[in-house]
Amino acid sequence: FWNSMPSKASSFMGFITSKLSATLRRLLPTEECALCCEEIFFLRFHRNAPCAHRCCASCWRRFLAMGESDSLRRMKAARAFTLRCWGCDALLDRHLVRRFATPPLRVCTEHIERRERLIERMPPHCT
């Protein structure tokens, strides 16, 4: 009798957990990600401020990592922030880049932002 108790208790806990998670899934609103087509909890979506395109955090990471070397080359050559949204031609929100980009892309963005701040503080006769 005592040997069978742990298996009954664990199966009961498994039953309760599955019912609870099913109930939570029904109560918590989800949306379909435009890129990966997975159902994601709505608070896990991140929006590009200039154009309002949204996708899940993992898709933003994949999108920024996918063209990393080309993006770095373009930004270094232009000496400007040139990252564009996946859904349109709007510039990416820099907050998204700081949050989801790979370290080299993040460092390049920080250098460009530092350069832009220095240019803003430059006296008018230096231009």
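Accessible areas come from the Shrake-Rupley method with a 1.4 Å probe, and for residues only the protein chains shown count as cover. By that method the accessible surface of the chain is about 9,100 Å². Carbon and sulfur atoms hold 59% of it. The model is predicted: local features need pLDDT of at least 70, side-chain atom pairs count only at pLDDT 80 or more, and totals for chains, interfaces and linings use all residues. Residues are numbered from 1 along each chain as its sequence is written, and side-chain values use heavy atoms, leaving out hydrogens and water.

Start with the fold. The chain has five helices and four strands, taken as DSSP runs numbered from the N terminus (helices H or I, at least four residues; strands E, at least two). Along the sequence the order is α-β-β-β-β-α-α-α-α. Of the 127 residues, 24% are buried. Buried means under 20% relative accessible area, exposed over 50%, partly exposed in between (1.4 Å probe, protein chains only).

Now the charges. Side chains of opposite charge can pair when their charged atoms come close. The whole structure has six salt bridges, each a side-chain nitrogen of Lys or Arg within 4 Å of a carboxyl oxygen of Asp or Glu. One of them joins E31 and R54, with the closest N and O atoms 2.8 Å apart. E31 sits in strand β1 and R54 in strand β4, 23 residues apart.

Another pairs R98 with E113, also at 2.8 Å. R98 lies in helix α4, E113 in helix α5. R98 is partly exposed at 39%; E113 is buried at 12%. Shared partners join R94, R98, E113 and E116 into one network of salt bridges.
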